[in-house]
Amino acid sequence: MNKRNVDWPQQLFIKHGNLFLKLLENRTDSTKLEVDGLVRIFEEFNVPKNARILDVSCGIGRHSIPLAERGYDVLGLDLSPLFIAKANATAKARKTSSRAKFRVEDVREIASVLRRQDFFNAILNLWGSHGYYGEEEDVRMFSALRNRAKRSGLLVDDVVNRDYLVANPQAKTVDIVGDLELHERRKFDPETLWNESNWSFYTKTGQGLKLEAKLRIHHRVYSLHELRALLERAGWRYVKSYGEFDLAPFKPNSKRIITCCRA
């Protein structure tokens with residue numbers, strides 16, 4: 001296997017954040033289903049309406065801002081200054097700035113970036129926002145998050161199901177958002193359990209497609225039993241998993257793993 005590009009998150013989310021931003025903004029159709037599902041999970045786990053929520057790798061606040069509109073106090077953290085600026089602008093426009101706060105932070109440094117008195121009723125890690133740096137780094141991150149949860153606090157972790165990727169291989173895909181095209185070539189490595197992808201961003205011009213950026217992306221993907229073991233290593237108590245935000249029960253062929261744990 002080729003040497004991994006460990007800097008790809010900085011390249012994708014910061015250097016080329018303007019390109020990835022368009023993909024985030026294009027996910028509005030799924031946001032309501034996801035937020036509705038989160039609220040139902042909160043109700044099931046007795047997370048109160050005025051609870052403090054930590055949204056890790058929050059992006060442009062797709063989940064944080066609607067949750068704030070429903071009465072939760074949310075702190076969103078993300079590596080990208082562009083995404084955080086967008087989140088703050090949207091929160092201001094939707095008059096939720098008092099409940100939805102956003103900061104530029106690297107989640108790997110979570111132990112040092114939050115105040116000692118910062119504890120949360122629920123912690124969210126959504127849309128496959130870990131695995132970038134490998135399993136041990138994930139354990140370290142989730143352990144630090146565990147230390148920021150209130151007693152019996154809730155963790156909701158949302159990732160792609162590795163078993164789904166193996167059973168439904170897609171070597172090539174093209175996503176089109178307005179004048180932007182993302183061409184992805186991917187390969188799952190069964191020896192390392194890493195998903196390896198080449199992303200090429202193009203914009204449409206009168207002469208065809210213009211290459212804007214090309215990146216090699218790698219991330220560790222998990223099956224449910226591996227993810228459960230990882231989270232338990234980090235100090236969380238596994239409770240249950242869903243296969244989608246409509247709260248359908250998890251099955252081996254589910255595309256997602258939405259895991260719920262207690263502190």
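This is a predicted model: local features need pLDDT of at least 70, side-chain atom pairs count only at pLDDT 80 or more; totals for chains, interfaces and linings use all residues.
Residues are numbered from 1 along each chain as its sequence is written, and side-chain values use heavy atoms, without hydrogens or water. Local features need pLDDT of at least 70 and side-chain atom pairs count only at pLDDT 80 or more, while totals for chains, interfaces and linings use all residues.

**View 1. Helix α1 packs against helix α2.** α1 covers residues 8-15 and α2 covers residues 17-25. (Helices are DSSP runs of H or I, at least four residues, numbered from the N terminus.) Their axes lie 5 Å apart, at an angle of about 75°. (Axes are lines fitted to C-alpha atoms over the stretch in contact; angles run from 0 to 180 degrees between N-to-C directions.) α1 and α2 are therefore roughly perpendicular to each other (65 to 115 degrees). Leu-12, Phe-13, Ile-14 and Lys-15 of α1 meet Gly-17, Asn-18 and Phe-20 of α2. (Contact means heavy atoms within 4.5 Å.) The contact residues divide into 4 nonpolar, 2 polar and 1 charged. (Nonpolar: Ala, Val, Leu, Ile, Met, Phe, Trp, Tyr, Cys and Pro; charged: Asp, Glu, Lys and Arg; polar: the others, Gly among them.)

**View 2. Helix α2 crosses helix α5.** The axes come within 9 Å and cross at roughly 45°. The crossing is right-handed; that is, the near helix is turned clockwise from the far one by less than a right angle. From α2 come Gly-17, Asn-18, Phe-20, Leu-21, Leu-24 and Glu-25. α5 contributes Leu-82, Phe-83 and Lys-86. By class, this contact has 5 nonpolar, 2 polar and 2 charged residues.

**View 3. Helix α7 crosses helix α9.** α7 spans residues 135-146, and α9 spans residues 224-233. Their axes come within 8 Å and cross at roughly 50°. The crossing is right-handed. Glu-135, Glu-136, Asp-138, Val-139 and Phe-142 of α7 touch Leu-230, Leu-231 and Arg-233 of α9. Here the classes are 4 nonpolar, no polar and 4 charged.

**View 4. The second largest pocket holds about 270 Å³ of space.** (On a 1 Å grid over the protein atoms alone, a pocket is an open set of points where a 1.4 Å probe fits, with protein on both sides within 12 Å along at least five of seven lines; lining residues have an atom within 4 Å of a point.) Of its 14 lining residues, Thr-28, Thr-31, Gly-61, Arg-62 and Arg-94 are the closest to the centre. α3 (28-44), α4 (64-69) and α5 (81-93) each supply at least two lining residues. α3 gives the most, with 4. The lining divides into 4 nonpolar, 4 polar and 6 charged residues. (Grid points are joined across faces, edges and corners; the volume is the space filled by probe spheres set on the points.)

Technical notes: Angles under 35 degrees count as roughly parallel, over 145 as roughly antiparallel, 65 to 115 as roughly perpendicular and the rest as oblique.
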